[in-house]
Amino acid sequence: MLADFPRLSDIHPFYSDLCNTLYDRDHYKLALGQINTAKQLVDSVARDMIRMVKYGDSLYRCKCLKRAALGRMCTILKRQKASLSYLEEVRKHMSRLPALDPNTRTLLMCGLPNVGKSSFMNKITRANVDVQPYAFTTKSLFVGHTDYKYLRWQVIDTPGILDHSLEERNTIEMQAITALAHLTCSVLYFMDISEHCGYTIEAQCNLFRSIQPLFANKQLVVVINKIDVQSWETLDEEHKNMIETLVKESGPNTTMLHMSNVSEEGVSQVKNHACDKLLAARVDSRVSGNKVDSVMNRLQVVYPTARDGVTREAYIPESVKRERELNNKSGKIGKSRIGYAPTKDDNSDDEVEEDDETPPESDDEMMMNGGDTTTLKKKKKTARELMWENGGPGVWAPDYREQYDLADPEWRFDAIPQILDGKNIADYVDPDIDAKLQLLEEEEEQLQAEYDAANMERTDDDDLNEMEQAQVTEIRDRVKIARKYKERSGGRNKPAMPRSIRGRMKDCHDDGAKLKASAIEKRMAKVGFDASQMLERGRKREREDPREKRRASRRANKDEEMEDVVAGEGSDDETMGDGSGRGLSKGAIKRQRKEREQSVRREKSQARSHSRPREPSEMGLKDDVMAKVAKKEEKLGRMKWFGGSGEGDHTKSVHLVKWMNTGKKRNGTHYCR
């Protein structure tokens, strides 16, 4: 930002003083200095935090340091709110300033308000400056462009200037003063002799004398405006003498012209005179400067030396001399006017006599030879003349047979004969030309078909019909599009599965799940696979009642448990009936029975949930080290899949801290840290 704003010491003095007038140079530099200081502080904060991040013991600590650094930077920038707001307004105003070139050819208009400056600018340029019948309609510099002598001229309309001291002038008037002081231009000082502007002629002359030092080394034109209301001839002698004396005192570079914007009398003369004066002054300044001598020293002029003493004069053909003499006698140029726009001089010198039976275009076709009117020489018509004689552009087409180079020029416009030198031309035409052409076309079609088949690289598609081949082609195109879409640069910006649905079980009734029969059929049809049998098999499985399956499995488990219990009771009876004299009570038997049932259920549950460990070779791994690496990668992938957080996402939940919530409490609300 600091580099984009202009430095007032490096730009043109005109722009430097204009910025001082519009934005206050001291305020402008102070705001940029404060932004520069803030930039240095932000850089120092960034350096300190980078140095501390190098010693961070975790990602969470690094993230905290980064957050603290950003907070300090934002605090520094918030303090510069006033300077940033001021610079933003300056930037907006600078973007609306006109594109003014201080070094190009410039016409600058000045004078009191409402004397006709903006109206004159609208007359000679394509600008559209607002014109109103009150003072200070123009409040800033307006730039327009005009053309004179194939050169582009810059025209500047300045706000009106009042006759008071420099310290009392406001910002609007100081823009005109700045332009007068720094631009090398031709100045047009406008005066309203009708006094409709609200200021007398004496006041306009006083303003001229007060700003006359700004006209030094400039071409000055005093423009007497509004002569349609008050003509110069009817002006009283006192005011005439006052203005003429003013012009004489200004020096030799000052001239006076009269004009009117309403009747446009003298507008072009004022513009041309001001441009001529400035152009001559610029040429004189370049010629009188030292730059011309340095350029001339680098130029080398070579003068050819005569090889002998023979004098060789310019050679002019006799036909050209006769044509010149003929044109001088007739007073007109022997050139056709056919197709050209008529002018006022076309029929001024030559009158067509009533007895002359020669057609009018014969003057363009015939020319006199050596002044002898009896001897006429045919003049060759140009293609332009022939075009206009035969219907104009788009209708007439030239006959290119005139350009044929044949042994006998008379053959050019002859039709192609059927018999030449006693021989039929048709005999020299091959009668089998059509058949040979057809064979060539068939051979070309065959080669094209072979080339297309080779490019397709098909092996097992030859037995397909046209419809199947079209489907295969469409499937391959879709696969190519999908592969390109997958390999594009922006395709991996999102995770494999969003955090919002990681670890969530998908339901077939969920709209987002692709488990419905219609979705499966549509997806498989895109890749050209018939999913009807697969869907029918899925429907059969859905028709089976899952509750019956669960009931059957429960009955089977219950039967097995009952068998185990019966076997246990038999053993207990045997134990009770032995000869040891020791027996178990009914409560102990119930406890044993319950423990057996729980152990059976536990064994079945472990069998379902635990899998037998396998060797690394059975899992396709080399050794135990590779198995550990694979297990670690699986864990990281599972963490990513289920939306697990890492070390850098450490968060601290809000909980009660002992030292903050112990001791005596005061009544009412309190805040303790």
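Colleague: Where does Asp 24 lie in this model?

Modeller: In this predicted model, Asp 24 lies in the loop between α1 (13-23) and α2.

Colleague: Why is Asp 24 called partly exposed?

Modeller: Its relative accessibility is 39%. Buried would need a value under 20%, and exposed a value over 50%. Asp 24 falls in between, so it counts as partly exposed.

Colleague: What makes the phi of Asp 24 worth a look?

Modeller: Most residues other than glycine have a negative phi. Asp 24 is not a glycine, and yet it has a positive phi of about 70°. Asn 217 is not a glycine either, and has a positive phi of about 60°. You will find Asn 217 in the loop between α7 (201-210) and β5 (219-225).

Colleague: How do you know whether Asn 217 is buried or exposed?

Modeller: Set its 79% relative accessibility against the cut-off. Exposed means over 50%, so Asn 217 counts as exposed.

Colleague: Which residues of α2 and α3 meet?

Modeller: From α2 they include Leu 41, Val 45 and Met 49, and from α3 they include Leu 65, Ala 69 and Arg 72. By class, this contact has 14 nonpolar residues, no polar ones and one charged. Arg counts as charged, so Arg 72 in α3 belongs to that class.

Colleague: What makes Arg 126 count as exposed?

Modeller: Its relative accessibility is 67%. The cut-off for exposed is over 50%, so Arg 126 passes. Arg 126 sits in the loop between α5 and β2 (142-148).

Colleague: What does Arg 126 touch, leaving out residues up to four places away in sequence?

Modeller: Arg 126 touches His 145 and Arg 152. His 145 is 19 residues apart from Arg 126 along the chain, but their C-alpha atoms are separated by 7.0 Å.

Colleague: And which helix gives the most to the lining of the second largest pocket?

Modeller: Helix α5 (residues 117-124), with three residues. The pocket holds about 380 Å³ of space. Of the 27 residues that line it, the closest to its centre are Asn 114, Val 115, Gly 116, Ser 119 and Val 131.

Colleague: How many lining residues fall in each class?

Modeller: The lining of the second largest pocket has nine nonpolar, 13 polar and five charged residues.

Key
Residues are numbered from 1 along each chain as its sequence is written. This is a predicted model: local features need pLDDT of at least 70, side-chain atom pairs count only at pLDDT 80 or more; totals for chains, interfaces and linings use all residues. Side-chain values use heavy atoms; hydrogens and water are left out. Contact means heavy atoms within 4.5 Å. Helices (H or I, at least four residues) and strands (E, at least two) are DSSP runs, numbered from the N terminus. On a 1 Å grid over the protein atoms alone, a cavity is a set of points where a 1.4 Å probe fits but cannot get out, and a pocket is an open set with protein on both sides within 12 Å along at least five of seven lines; lining residues have an atom within 4 Å of a point. Grid points are joined across faces, edges and corners, and a volume is the space filled by probe spheres set on the points. Buried means under 20% relative accessible area, exposed over 50%, partly exposed in between (1.4 Å probe, protein chains only).
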